[in-house]
Amino acid sequence: MKLLVTGGAGFIGSNIIKYWLKNHPNDDIVNLDALTYAGNIENLKDCENNARFTFTKGDITDGETVNKIMEEIDNIYLELLERK
């Protein structure tokens, strides 16, 4: 299975990614994150060399980026935060 995690560079999303990679060895993860105030790429430092992990910097409101990613995705974990 290929899972899309949005907001995966944040605290919750990065921990979901780490958990999933550890506990689901047959699955791949694509992380889509705009790296705004809540996202910190350093949260994923220990995933960057994992062949089952892909990071894409982008916003879920960018339809072109999302449509391209979705061509290969089987499931989505969508994390939405209130924008201030």
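## Salt bridges

Lys45 and Glu48 form a salt bridge in which the closest N and O atoms are 3.5 Å apart; the term requires a side-chain nitrogen of Lys or Arg within 4 Å of a carboxyl oxygen of Asp or Glu. Lys45 is partly exposed at 46% relative accessibility, and Glu48 is partly exposed at 47%. Here buried means under 20% relative accessible area, exposed means over 50%, and partly exposed lies in between, with a 1.4 Å probe and protein chains only. This is a predicted model, in which local features need pLDDT of at least 70 and side-chain atom pairs count only at pLDDT 80 or more, while totals for chains, interfaces and linings use all residues. Residues are numbered from 1 along each chain as its sequence is written, and side-chain values use heavy atoms, with hydrogens and water left out.

The structure holds 3 salt bridges. In another of them, Glu72 meets Lys2, with the closest N and O atoms 2.9 Å apart. This pair links distant parts of the chain, 70 residues apart: Glu72 is in the loop between H2 and E4, and Lys2 is in strand E1. Helices (H or I, at least four residues) and strands (E, at least two) are DSSP runs numbered from the N terminus. Glu72 is exposed, at 53% relative accessible area. Lys18 and Asp46 also form a salt bridge, at 3.8 Å from N to O. Lys18 lies in helix H1 and Asp46 in the loop between E2 and E3, so that distant parts of the chain, 28 residues apart, are linked. Lys18 is partly exposed at 30%, whereas Asp46 is exposed at 60%.

## Sheet and helices

Four strands form an open sheet in the order E3-E2-E1-E4, with parallel pairing. Strand E3 (53-57) and strand E4 (75-77) are at the edges; each has a single partner strand, so one side of each lacks a neighbour in the sheet. Neighbouring strands are turned by 20 degrees against each other on average, direction ignored. E1 pairs with strand E2 (residues 28-33) in the parallel sense over 5 bridges, where pairing requires at least two bridges found by DSSP. Asn31 in E2 is the bridge partner of Val5.

H1 packs on the sheet and touches E1, E2, E3 and E4; its direction makes about 170 degrees with that of E2. Helix H2 (residues 63-70) lies across E1, E2, E3 and E4 and runs at about 180 degrees to E2. Axes are lines fitted to C-alpha atoms, for helices over the stretch in contact, and angles run from 0 to 180 degrees between N-to-C directions.

## Nonpolar cores

The largest nonpolar core has 9 residues: Leu3, Val5, Ala9, Ile17, Leu21, Ile29, Leu44, Cys47 and Phe53. Such a core is a set of buried Ala, Val, Leu, Ile, Met, Phe, Trp, Tyr and Cys residues joined through side-chain atoms within 4.5 Å. Strand E1 (2-6) and helix H1 (11-23) each supply at least two residues of this core. A second, separate core of 5 residues includes Leu4, Val30, Ile69 and Ile73.

Not counting residues up to four places away in sequence, Phe53 touches Ile17, Leu21, Ile29, Asn31, Leu44, Cys47 and Glu48. Contact means heavy atoms within 4.5 Å.

## His24

His24 is in the loop between H1 and E2 and is partly exposed at 26% relative accessibility. With neighbours within four places in sequence left aside, His24 is in contact with Tyr19 and Arg52. The C-alpha atoms of His24 and Met1 are separated by 9.3 Å, and the two residues are 23 apart along the chain.
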